[in-house]
Amino acid sequence: MNPELSQLISLQDVDVEIKRIKAEIESLPVKRNELESQFATENREFLDLKQQLDEAISQKRHLETEIEAEQQKLEKFKTDQMKATNEREYSTSVREIDNARKTIGALETEVLKLMEQVEKLDAQVKERSPEIEAKRQQLETKLAEYETLAKTDAEKLEALLAERAPMLETLGSETRSTYDRMSRIKSGLALSEARDYKCLACRMTIRPQVFNDIRRGETLITCENCGRILFYRE
Ligand SMILES: [Zn+2]
């Protein structure tokens, strides 16, 4: 085979791989964002639930503190009642004791409601927690895979580019410019395989005489239709 042709075939193989790796490198941040936003959506509901739980707990604590304060007042009113020296002081303390008891009763009802709510929310959080944790793990594993892939891709790309440079130098300037031009026009595929009397890139039928010449591979033959350099693979 014409040494230039075999060099061109190798060059195209390298270029196809370079193109694939570049596309993969570009796709990785997009894939990563997709996974992260998917997880964020799944996690949002869980975080909402946790927030509701935290709020119910802190509201319950707040009411319990209020009850304690009311109870202290109640104790004071009871002392006032015992110390009352006249009817007016006595009836005032009775009214105050009564009010404080009512307030405490109402607060205790609220606390009970909150306790039920906390219990319910806590159960929901515990139920969903393992699933979310598993999803978080999956996400982290996948992100680590992408990171490794990005690193190996960058290394491969560098190696391929280093491999490509000397390949170009062995080509004649005319062949090189034909390859560059066709590669640009045909999105990286300057060469096409000829098989069964057809150009595999554009499906154009190749005349038997031309096909035999391609098969011998002594000269560079381009497709009459798409202009790609044709080659035959055993
Ligand atoms: Zn063609």
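In which sense, parallel or antiparallel, do strands β1 and β2 pair, and over how many bridges? Strand β1 and strand β2 (residues 198-199) pair in the antiparallel sense, over two bridges, where two strands are said to pair if DSSP finds at least two bridges between them. The structure is a predicted model, in which local features need pLDDT of at least 70 and side-chain atom pairs count only at pLDDT 80 or more, while totals for chains, interfaces and linings use all residues. Residues are numbered from 1 along each chain as its sequence is written, and side-chain values use heavy atoms, with hydrogens and water left out.

**Overall architecture**

- The protein contains four helices and four strands, with helices (H or I, at least four residues) and strands (E, at least two) taken as DSSP runs and numbered from the N terminus.
- Along the sequence, these elements follow the pattern α-α-α-β-β-α-β-β.
- The radius of gyration is 40 Å, well over the 17 Å that the globule rule gives for 234 residues, so the protein is more spread out than a compact globule; the radius is taken over C-alpha atoms, and the rule is 2.2 Å times the number of residues to the power 0.38.
- Along the principal axes, the C-alpha trace spans about 130 × 35 × 25 Å.

**Burial, surface and charge**

- Of the 234 residues, 29% count as buried, where buried means under 20% relative accessible area, exposed over 50%, and partly exposed in between (1.4 Å probe, protein chains only).
- The protein exposes about 15600 Å², of which carbon and sulfur atoms supply 50%; the areas come from the Shrake-Rupley method with a 1.4 Å probe, and for residues only the protein chains shown count as cover.
- Among contacts between residues at least 6 apart in sequence, 70% join residues at least 24 apart, a contact meaning heavy atoms within 4.5 Å.
- There are 39 positive and 47 negative side chains, and the centres of the two sets lie 4 Å apart; Lys and Arg count as positive and Asp and Glu as negative, whereas His and the chain ends are not counted, and the place of a charge is taken as NZ of Lys, CZ of Arg, CG of Asp or CD of Glu.

**The sheet**

- The four strands form an open sheet in the order β2-β1-β4-β3, with mixed pairing.
- The edge strands of this sheet are β2 and β3 (221-222), each of which pairs on one side only.
- Strand β1 (residues 191-195) is mostly covered, since four of its five residues are buried.
- With strand β4 (residues 229-231), β1 pairs in the parallel sense over three bridges, and the bridge partner of Glu193 in β4 is Phe231.
- Strands β3 and β4 run antiparallel and are joined by two bridges, with Thr222 standing opposite Ile229 in β4.

**Helix residues**

- Ser183 belongs to helix α3 (residues 173-185) and counts as buried at 15% relative accessibility; leaving aside its neighbours within four places in sequence, Ser183 is in contact with Gly188, Leu189 and Ala190.
- Ile185, also placed in helix α3, is exposed, with a relative accessible area of 56%, and its C-alpha atom lies 10.0 Å from that of Gly227, a residue 42 places away in sequence.

**Loop residues with positive phi**

- Ser187 lies in the loop between α3 and β1 and, although not a glycine, has a positive phi of about 40 degrees; at 48% relative accessibility, Ser187 counts as partly exposed.
- Arg203 lies in the loop between β2 and α4 (208-216), and its phi is near 70 degrees, a positive value in a residue other than glycine.
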